[in-house]
Amino acid sequence: MQNFIFLALAIAAEIVATSSLKTSYGFTRLWPSMLTIVAYGVAFYLLSQTLKRMEIGVVYAIWSGAGTAAMALVGYWFFQESMSAVKAVSITLIVLGVIGLNLGDVVTGGRM
């Protein structure tokens, strides 16, 4: 359970970092730039702790999939980016894929 908490916190830190990166305007604004650097540092540290105990393929798929889906929603809600039906369905498919990755080991007992 601790692994998934670290991974969730790593994803949250990545979302903060990426959002701050957007508001830093190419690292021309000090505080968003500083937050970007710190949040990415926290994200990678937490990701490294997660990788000590979990498979890299599963961790990276969850990290990238959940981060991508969450950033699409953050972009829509906070940065007034577009959200078409195709984007919404694609985000749903990403989330379902992440769930499938987590259930895959439960169903098969970690065996192929």
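Axes here are lines fitted to C-alpha atoms, for helices over the stretch in contact, and angles run from 0 to 180 degrees between N-to-C directions. This is a predicted model, in which local features need pLDDT of at least 70 and side-chain atom pairs count only at pLDDT 80 or more, while totals for chains, interfaces and linings use all residues. Residues are numbered from 1 along each chain as its sequence is written, and side-chain values use heavy atoms, leaving out hydrogens and water.

**View A. Helix 2 packs with helix 3 (residues 56-79).** Their axes lie 10 Å apart, at an angle of about 150°. Helices (H or I, at least four residues) are DSSP runs numbered from the N terminus. Contact (heavy atoms within 4.5 Å) joins Ala43, Phe44, Leu47, Thr50 and Leu51 of helix 2 to Ile56, Val59 and Trp63 of helix 3.

**View B. Lysine 22 and glutamate 81 form a salt bridge.** The N to O distance is 3.9 Å; a salt bridge is a side-chain nitrogen of Lys or Arg within 4 Å of a carboxyl oxygen of Asp or Glu. The structure holds one such bridge. Because lysine 22 sits in helix 1 (residues 2-23) and glutamate 81 in the loop between helix 3 and helix 4 (85-108), the pair ties together parts 59 residues apart in sequence. Lysine 22 has a relative accessible area of 46% and glutamate 81 one of 37%, and both count as partly exposed (between buried, under 20%, and exposed, over 50%; 1.4 Å probe, protein chains only).

**View C. Methionine 34 is a residue of helix 2.** With 39% relative accessibility, methionine 34 is partly exposed.

Notes: Helix = DSSP H or I, 4+ residues; strand = E, 2+ residues; numbered from the N terminus.
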